Amino acid sequence: MNENERVKAYNKYVNAKIPKTRPFPTLFNSFWVGGLICLIGQGINDLLLYLVPNLSEQAAWAYTLIILIFIAAFLTGIGVYDKLGKFAGGGTIVPITGFSNSITSPSIEYKSEGIIYGICVKMFTIAGPIIVFGVVSSAFVGLIYYIIGLFM
Amino acid sequence: MEMFLDYLWVFLIGGFICMIGEILIITTNMTSARILVTFVLVGVFLEGIGVFDYISDFAGAGINVPIIGFGASLTKGAISAVESQGLLGVFTGCLTSTAGGIAAAIIFGFIFALIFRSHTKK
């Protein structure tokens, strides 16, 4: 058996072993769970604006996101969020709560490797790329705005 | 009634964006890090061409809570800092506007990692 065939046979074996998720229910679940998380966010935001009348809109959003991040980190801590993630897939990954989960989950998972090499290093396994890509690309957009501004 | 419609929009748009994420996972086997990076870049793009605020006006949390809002916020910070500080704004803007979210995620993540134990995955 040459290298190529062996790889093929291996891939076939792996594909047979991967648990099959039925697409339709997970799509539906991701839709309503994702929608619900956004709805909770809107609720928190409206409540904040109602309770604190002189809060600026931008500050209200910042508080809303921080509260959602707190809730998601807590739910990850007690092990609920990862169960919800199995059920709803994209519905729990795409909202900002998924970002929070992506930081808390590996921190807890690798806690046994120590505070520095466990919690602090693994914290950024998923969040790191997000922050790097986000910062680099938005700085690039800022630079374009700066250059356009020079000629306007 | 109007409030109900607003909330319906939030639910439908937020749900739709999350469903696109799930479709990407099913069809391309992308990992969650790649999904999140993709959505952040979408947000950066929407804010860069100036469309995001129009969507945000009627979608509210439907577009701000998905990580697209995080990307848009990064870019919004960069653009407004460039307008006020010039070239320095390219470097200071993006993290200033998202400092709250990133710091909150790090702080709560760290505290809860100290408090809770790992739940063994079944």
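Predicted model: local features only at pLDDT ≥ 70, side-chain atom pairs only at ≥ 80, totals over all residues.
**Entry 1: two helices from two chains**

How near do the axes of α8(A) and helix α2 of chain B come, and at what angle do they cross? I looked this up first: the axes of α8(A) and α2(B), residues 32-48, come within 9 Å and cross at roughly 20°. Axes here are lines fitted to C-alpha atoms, for helices over the stretch in contact, and angles run from 0 to 180 degrees between N-to-C directions. Helices are DSSP runs of H or I with at least four residues, strands are runs of E with at least two, and both are numbered from the N terminus.

Residues are numbered from 1 along each chain as its sequence is written, while chains are lettered from A and ligands numbered from 1 in the order in which they are written.

Back to my pair: α8(A) and α2(B) are therefore roughly parallel to each other. Angles under 35 degrees count as roughly parallel, over 145 as roughly antiparallel, 65 to 115 as roughly perpendicular and the rest as oblique.

Then I listed who meets whom. On the α8(A) side I found, among them, A:Ile126, A:Ile130, A:Phe133 and A:Val141, and on the α2(B) side I found partners including B:Leu36, B:Val40 and B:Val44. Being in contact means that two C-beta atoms, placed from the backbone, lie within 7 Å. By class, this contact has 11 nonpolar, 5 polar and no charged residues. Ala, Val, Leu, Ile, Met, Phe, Trp, Tyr, Cys and Pro count as nonpolar, Asp, Glu, Lys and Arg as charged, and the others, Gly among them, as polar.

**Entry 2: the whole meeting of the chains**

How many residues does each chain bring to the contact? I found 63 residues from chain A and 62 from chain B. On the chain A side, α2 (23-51), α3 (57-77), α5 (90-93), α6 (96-109) and α8 (124-151) each supply at least two residues. The largest share, 17 residues, comes from α8(A). Sorted by class, the chain A side has 38 nonpolar, 23 polar and 2 charged residues.

**Entry 3: α8(A) and another helix of chain B**

I followed α8(A) to α5(B), residues 67-85: these helices pack at an angle of about 35°, with their axes 8 Å apart. This crossing is right-handed. From α8(A) I picked out residues including A:Gly142, A:Tyr145 and A:Tyr146, and from α5(B) residues including B:Phe70, B:Ala78 and B:Val82.

Is A:Tyr146 buried or exposed? A:Tyr146 is buried, because 20 other C-beta atoms lie within 10 Å. The cut-offs are 20 or more for buried, 12 or fewer for exposed, and partly exposed in between, with C-beta atoms placed from the backbone. Leaving aside neighbours within four places in sequence, A:Tyr146 touches B:Val82, B:Gly86, B:Leu87 and B:Val90.

Next I checked α6(A) and α8(A), which pack at an angle of about 140° with their axes 8 Å apart. That makes α6(A) oblique to α8(A). The contact is made by A:Phe99, A:Ser102, A:Ile103 and A:Pro106 of α6(A) with A:Thr125, A:Ile126, A:Ala127 and A:Ile130 of α8(A). I noted 6 nonpolar, 2 polar and no charged residues here. A:Thr125 is partly exposed, with 16 other C-beta atoms within 10 Å.

Chain B has 6 helices and 0 strands. Of its 122 residues, 52% count as buried. For contrast I looked up B:Leu88 in α6(B), residues 88-115; B:Leu88 counts as exposed, with 12 C-beta neighbours inside 10 Å.

Which residues have the most contacts inside the largest nonpolar core? They are A:Ile69, A:Phe99, B:Leu36, B:Ile67, B:Ala78 and B:Ala105, in a core of 74 residues. Such a core is a set of buried Ala, Val, Leu, Ile, Met, Phe, Trp, Tyr and Cys residues joined through C-beta atoms within 7 Å. Beyond its neighbours within four places in sequence, B:Leu36 is in contact with A:Ile93, A:Gly98, A:Phe99, A:Ser102, A:Ile126, A:Ile130 and B:Ile67.

Methods: Left-handed = near helix turned anticlockwise from the far one by under 90°.
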